[in-house]
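Please look through the sequence and the structure shown below. The report that follows goes from one chain as a whole to individual side chains.

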Amino acid sequence: MALVNHLTASCWRNLQGGRMHKQLSVILRHLHKSATSEALEISATGEEAMPQRLITPADVGGTRRIKSLKEMPGPSTLSNLVEFFWRDGFSRIHEIQNEHRKKYGKIFKSRFGPQLVVSIADHDLVAEVLRAEGTAPQRANMESWKEYRDMRGRSTGLISAEGEQWLKMRSVLRQLIMRPRDVAAFSDDVNKVVDDLIKRVCTLRGRESDGATILNVNDLFFKYAMEGVAAILYECRLGCLENEVPQETQDYITALHLMFSSFKTTMYAGAIPKWLRPVIPKPWLEFCNSWDGLFKFTLIHVDKRLSDIKAQMEREEEVKGGLLTHMLVTREMNLEEIYANITEMLLAGVDTTSFTLSWASYLLARYPQVQEQIFAEVTSALGPRTVATADDIPRLPLIRGLVKETLRLFPVLPGNGRITQDDLVVGGYFIPKGTQLALCHYSTSLDEENFPDASDFCPKRWIRKDSTDRVDNFGSIPFGYGIRSCIGRRIAELEMHLALTRLVQRFHIGVSPLTTDVKAKTHGLLCPAAPIHLQFTDRETTS
Amino acid sequence: MALATALRRLSDARLRRLCGRTAAGLTAGARLPAQRSFTAGTHALRSDDKVTVHFVNRDGDKITVKGSPGDSLLDVVINEDLDFDGYGACEGTLACSTCHLIFDEDTYKKLGAVTDEELDMLDLAYGLTDTSRLGCQICLSKSLDGIMARIPESVADIRQSTDGSV
């Protein structure tokens, strides 16, 4: 889900809240993660508090003055407010990243009232920050999420939890869905959903006069992604890709759309102080309503599986199943934690995947030569009819390259957040513990320094000559890096690899005359600013 | 993946406590698909089945330990309670590259195939070399007896050297 959303939400909230960051003006050579706060105990008053032992003669040799946040460049508070709240900068957050980087450099600060955000738009500095992470990194202030859970007596999940609670759940879930070879076991389940995707393409294009066009492919991919994630998380099919979508599924889609479409109002929901809610009740109500809808859907499916398991156990039958069954039987997490995590994982795994699939097919259509290269690779590896499984993906490097390149050009999360848990020195600036950082992935992934001809769509750039051919690619880390990176990464990759392989194998994808140049806009996530209409024509070999 | 192994991966006592109940919970009779078996047994291995591994830590000290065939090098680090700061943060789930190890060329060739996912994570490893691998992806076998693995220099020591931004 939209972390930029949370980031900006917390900015807005703090605008009201008034938490001033202490301006520290200290001269430090270098501060490192856990060592810093404990060893240094920098006083909040900003006094110089440099223990002697941290300055070694070797350090002094290369000493440069560590600058304070005060000295960091960045747009003024006023221009930022105008940009974001008057000129709707939220939908252009990704472009503003680039503009500010050009203007202010690789690290700059922005103020939203008293809330300070330090943006980091350089792959080396992003690497430094992520490599210095502790055991439970924090992305952004998630208080409004937590408040809703408390109100309804629900648990937090991987997105909304912090600290020990987060680590406990992450430790359980990463052992289940992070290892590529474990996730490969979902290949057959995902392929059944891909079967339905292909059928759906045929049904939808059959309704158009040219027999080829799919209008707004994102709608199709949204349903594919939702069906795919649900097949894994709920161990059941929802019927998203059927002609008649079941009512409860339709209700869920409505709740999900409400969550995404009311991005701004839900953002303000957490931002508007509680005492103002009687006056401006709508944002908070919508926020709660959409969460109610999402949880309701999870409860229906999880409870159903739970009662099936209980019935099987009573009959003394062997209980078989996948991920959800495992969670329900082992109870490494309690039931509320299971509800919360299933809900958050479904929420996080739908439009992220669908936007990426939309962009990937759009790019294939816009770059027919690239599409032909990928088609050639797929047919030579698999022939015209073999259905790819996870085991085939290593033989399809261009399919992997396609996904990586799509996410480089359109990183679905254009920026990610971190709240520093130690005092750090980044880019020559002293950044005190508790500072909100914005890691500018959009900017770094379109940086010529990291990716020559950065605006070109070139999946080949990701192909290695051999296993020692390496790139320092911190410039494009669409799933993040480290222990708080995307937990659904391998599932999402599997869903995208298998769907794209089959689409390329089966169809020639072309741009519909109805589609012009589609730009990206930020709506929490980076998404197509206009509907993408594409034509899917059968490859001769499959007819 | 074997939860038994997973449990052993959890390095600190707090996590051990948090997850300590899981092994008992698994006897409830759930069967997952074969690929997702969480109930791998542990073989009783004779000590001469063990594989000797030498680690060279960041201070250059050599530490010699023994591991069981089938264990990953990350398992060995955890089982032996070796104190390499920040090592294996994601518990072998290919989400980070903190279990980065450097080998000599001959050893590197014996380590077996590298997956694309491991290569992607290695790209993000600090101090990458041509003979780098992730410890979580290397399984011990008798043929690796006596290998030497070097822990790369810590990120923190020179973290600011890449800076050139101001």
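What percentage of the 166 residues of chain B count as buried?

## Chain B as a whole

Of the 166 residues in chain B, 51% are counted as buried, where buried means under 20% relative accessible area, exposed means over 50%, and partly exposed lies in between, with a 1.4 Å probe and protein chains only. The model is a predicted one, in which local features need pLDDT of at least 70 and side-chain atom pairs count only at pLDDT 80 or more, while totals for chains, interfaces and linings use all residues. Residues are numbered from 1 along each chain as its sequence is written, chains are lettered from A and ligands numbered from 1 in the order in which they are written, and side-chain values use heavy atoms, with hydrogens and water left out.

Chain B contains 6 helices and 6 strands, and from the N terminus on its elements follow the order α-α-α-β-β-β-α-β-α-α-β-β; helices (H or I, at least four residues) and strands (E, at least two) are DSSP runs, numbered from the N terminus. Among the contacts in chain B with a separation of 6 or more, 63% are between residues 24 or more positions apart, a contact being heavy atoms within 4.5 Å. The accessible surface of chain B is about 7600 Å², and 49% of this belongs to carbon and sulfur atoms; such areas come from the Shrake-Rupley method with a 1.4 Å probe, and for residues only the protein chains shown count as cover.

## Aromatic side chains in chain A

Over all chains, the structure holds 16 aromatic pairs, meaning rings of Phe, Tyr and Trp (its six-membered ring) with centres within 6.5 Å, where planes under 30 degrees apart count as stacked, over 60 as edge-to-face and the rest as tilted. One of these is the stacked pair of A:Tyr148 and A:Trp291, at 6.2 Å centre to centre and with 25° between the planes. This pair links distant parts of the chain, since A:Tyr148 belongs to helix H7 (residues 143–152) of chain A and A:Trp291 to helix H14 (residues 282–314) of chain A, 143 residues apart. A:Tyr148 is buried at a relative accessible area of 1%, and A:Trp291 is buried at 0%.

The rings of A:Tyr234 and A:Phe297 make an edge-to-face pair, because their centres are 5.8 Å apart and their planes stand at 65°. A:Tyr234 is in the loop between helix H11 (217–233) and helix H12 (247–261) of chain A, while A:Phe297 is in helix H14 of chain A, so the pair ties together parts that are 63 residues apart in sequence. Both A:Tyr234 and A:Phe297 are buried. A:Tyr148 and A:Trp291 also belong to one aromatic cluster with A:Trp145 and A:Phe295.

## Salt bridges

How many salt bridges does a search of the whole structure find over all chains? The search finds 41, a salt bridge being a side-chain nitrogen of Lys or Arg within 4 Å of a carboxyl oxygen of Asp or Glu. One is between A:Glu336 and A:Arg154, whose closest N and O atoms are 3.0 Å apart. A:Glu336 lies in helix H16 (residues 335–366) of chain A and A:Arg154 in the loop between H7 and H8 of chain A, so this pair ties together parts that are 182 residues apart in sequence.

A:Asp195 and A:Arg502 meet through their side chains in a salt bridge of 2.8 Å, N to O. The pair links distant parts of the chain, with A:Asp195 in helix H10 (residues 187–206) of chain A and A:Arg502 in helix H20 (residues 489–506) of chain A, 307 residues apart. A:Asp195 is partly exposed at 32% relative accessibility, whereas A:Arg502 is buried at a relative accessible area of 12%. In chain B, B:Arg133 forms a salt bridge with B:Glu118, the closest N and O atoms being 2.7 Å apart, and both of these residues, B:Arg133 and B:Glu118, are buried. A network of salt bridges links A:Arg400, A:Lys404, A:Arg464, B:Asp116, B:Asp120 and B:Asp123.
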